[in-house]
Amino acid sequence: SGVVFTYEPVVRLHHEKLEELTAAQRREWVDTCPPGLLRFNEMTGMVEVDDDLNVGIAFSGEAEKLAKDTFGNDFVDLVKVTPRSGPDG
């Protein structure tokens with residue numbers, strides 16, 4: 001038998017770069033990302049971290065790849081996911 005550790009992801013959105021995109025572009029990006037990481041807030045027009053965060057999706061790098069493919073190299077950091085570290089994260 002073995003022990004499996006699952007790291008809790010820390011998801012950071014680059015709000016300044018997100019504001020360079022239109023609400024329609026932000027919605028399109030969220031809609032193309034796998035579910036379980038981001039959501040689009042229809043009231044504010046902004047991207048938010050999904051309440052039902054899927055750890056596997058969070059660490060997949062898919063959202064970062066889609067941002068780069070859709071908007072170019074300057075937007076690869078629209079979202080950054082890192083493992084929580086230390087006793088207090």
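This briefing walks through the salt bridges of the structure above. Welcome to a predicted model, in which local features need pLDDT of at least 70, side-chain atom pairs count only at pLDDT 80 or more, and totals for chains, interfaces and linings use all residues. Residues are numbered from 1 along each chain as its sequence is written, and side-chain values use heavy atoms, with hydrogens and water left out. The structure holds 6 salt bridges (a side-chain nitrogen of Lys or Arg within 4 Å of a carboxyl oxygen of Asp or Glu).

**D77 and K17**
- D77 pairs with K17 in a salt bridge, their closest N and O atoms being 3.0 Å apart.
- Because D77 lies in the loop between α4 (62–71) and β4 (79–83) and K17 in helix α1 (residues 15–18), the pair ties together parts that are 60 residues apart in sequence.
- Helices (H or I, at least four residues) and strands (E, at least two) are DSSP runs, numbered from the N terminus.
- K17 is buried at 18% relative accessibility, while D77 is partly exposed at 32%.
- Buried means under 20% relative accessible area, exposed over 50%, and partly exposed in between (1.4 Å probe, protein chains only).

**D69 and K65**
- A salt bridge joins D69 to K65, with 2.7 Å between the closest N and O atoms.
- D69 and K65 are 4 residues apart in helix α4, about one helical turn.
- D69 is exposed at 51%, and K65 is partly exposed at 47%.
- Elsewhere, salt bridges that share partners join R39, E48 and D51 into one network.
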